[in-house]
Amino acid sequence: MVKEKNKEIVRGDTIVRFEKVSFEHGVNKPILDEVDFSIRRGGKITLMGQNGAGKSTIFGLIMEILSPESGNVNIVNGVSIATARQVIPRDDLKLTVREFFEKCFTKKVYDIDVKIDDVLEVVHLRGHEKVHNRIVSTFSGGQQARLLLASALIQDPDLLLLDEPTNNLDKAGIAHLTAFLRDYKKSVIVISHDSEFLNAFTEGVLYLDIYTRKIEQYVGNYFNVVKDITARMERENMKNAQLEKTIQAKKDQANVFAHKGGRLRLVAKRMREMAEDLEEEIVDVRKEDKTIRPFTIPNQPDLIGEIISITSFTTMKGHKIVKHKANICLKKKQHLLLQGPNGIGKSTLLEKIAKSEAEGTKIQEGVRVGYYRQDFSTLDFNDTVMQSLSSGILSSGEIVNEERLRATAAQFLITGDMVYTKIGSLSEGQKGLVAFARLVLQKPGLLILDEPTNHINFRHLPVIAKALDEYQGAMILVSHVPEFVHQIHIDEILDLEK
């Protein structure tokens, strides 16, 4: 998707400026409140904020897909803008690779195959010379993530907007992207929860506060900015604590003098006035993002023996299906980590196992499977959150209890009228939290997780890792995030590449 205007830009000039921009998603759903910030030519910026705060809304306003309720989004003439979406639209999955990239341009590009080859090399998608006529849906989730990234890079925009670009990328893919962004001479704004990745190139941070609905702009690399924010909060909390102590002391003195009467009543009045003046000095401390509450995924009771056995599996190598033998049996409390590079067939294997269609895999009869897909396609996007969670309870064989449903939803920051929101209207991070809430209500005997860190706020990840570590059923996990995996006990590793 590209937006373009005509005029030469000088490096260092402001190319995008938000002036008192306010935006609402529907009635009584304010997202931005008189937001101000600017982006300079050549800047490498991180956009931070809690899931659902409105980060993707900022991108929509810059791309002019959305319009502000009030205020102005000023984009200098001549600035071309391109964005890589988080997921490939379902209609685009039917396209060939060539058709997919042709849609990135408003005019016909005659050397499109050369450009495709060059950009696929950048995103480290090997074998690109054979893929021009390949259907997009035949690529793995990780390979589709690379195609999405390439669809933005191929436009060589003045401003590149990347929304969770490391999702589904393996270590090699993240390394290639990091090197590209370091060398990119134009402007970049990135939404990501991968702190190491962000710190490798970030020069500044835009923080969207979900409480004030305003943007705070910081200069410096990612880790320094986070450190500065934390230090500022500590200073403000300390100052407020000292002020509140002094205020209470003045009020206590005023009460003592007021009871003594006479001229001391005037002293008491002055004390109260001093307390009121000090109360005005108390600052609004920047609230920290909320973190989901600790949770447990209950396992299906009364399961004994082998829950799942894998005696063979297939992988994709050089566009050919290769069959392998295996000897894996998982009982309760046993966790399997599935490893391998993008495109080898991890997600395909997980999907077949979840649907009981994997040759060489046997799941004990009656075992309830909880399946977390990286594209959230196990959720019906037309359902409300309430309907989705209700179906999770019903699948466990229990009766829907709205009080329990709401209590579970609240653990994942889904409160109030949010339960009546359609799944398709949620941010990707919020969809992930709904998917975890469903697993809690399903009480699975076998838990299958395909990249469960994608789109999730980094503050939630330790809580999720602890829940998975303590899960008492059998579990199969795919994740490209080592620091997340290291927090979960793993009994066996199946490396599809080896």
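**Basis.** I worked on a predicted model, in which local features need pLDDT of at least 70 and side-chain atom pairs count only at pLDDT 80 or more, while totals for chains, interfaces and linings use all residues. Residues are numbered from 1 along each chain as its sequence is written, and side-chain values use heavy atoms, with hydrogens and water left out.

**Sheet.** I looked up an open sheet of five strands and noted the order E15-E16-E17-E13-E18, with parallel pairing. Strands (E, at least two residues) and helices (H or I, at least four) are DSSP runs numbered from the N terminus; two strands pair if DSSP finds at least two bridges between them. Strands E15 (369–372) and E18 (492–495) stand at the edges with a single partner strand each, so one side of each lacks a neighbour in the sheet. On average, neighbouring strands of this sheet are turned by 15 degrees against each other, direction ignored. Axes here are lines fitted to C-alpha atoms, for helices over the stretch in contact, and angles run from 0 to 180 degrees between N-to-C directions.

I then followed E13 (residues 335–339), which pairs with E18 in the parallel sense over four bridges. Leu337 is found opposite Ile493 in E18.

**Helix on the sheet.** Helix H12 (residues 428–442) lies across E15 and E16 (446–450), and runs at about 175 degrees to E15. Contact means heavy atoms within 4.5 Å.

**Salt bridges.** My search of the whole structure gave 15 salt bridges, each a side-chain nitrogen of Lys or Arg within 4 Å of a carboxyl oxygen of Asp or Glu. For accessibility I used relative accessible area: buried is under 20%, exposed over 50%, partly exposed in between (1.4 Å probe, protein chains only).

Asp92 forms a salt bridge with Lys103, with the closest N and O atoms 2.8 Å apart. Asp92 lies in the loop between E6 (81–84) and H2 (97–102), and Lys103 in the loop between H2 and H3 (112–122). Asp92 is buried at 10%, whereas Lys103 is exposed at 54%.

Asp113 and Arg98 form another salt bridge, at 2.9 Å between the closest N and O atoms. Asp113 lies in H3 and Arg98 in H2, so the pair ties together parts 15 residues apart in sequence.

Lys443 forms a salt bridge with Glu398, the closest N and O atoms being 2.6 Å apart. Lys443 lies in the loop between H12 and E16 and Glu398 in the loop between H10 (385–395) and H11 (402–411), so parts 45 residues apart in sequence are tied together.
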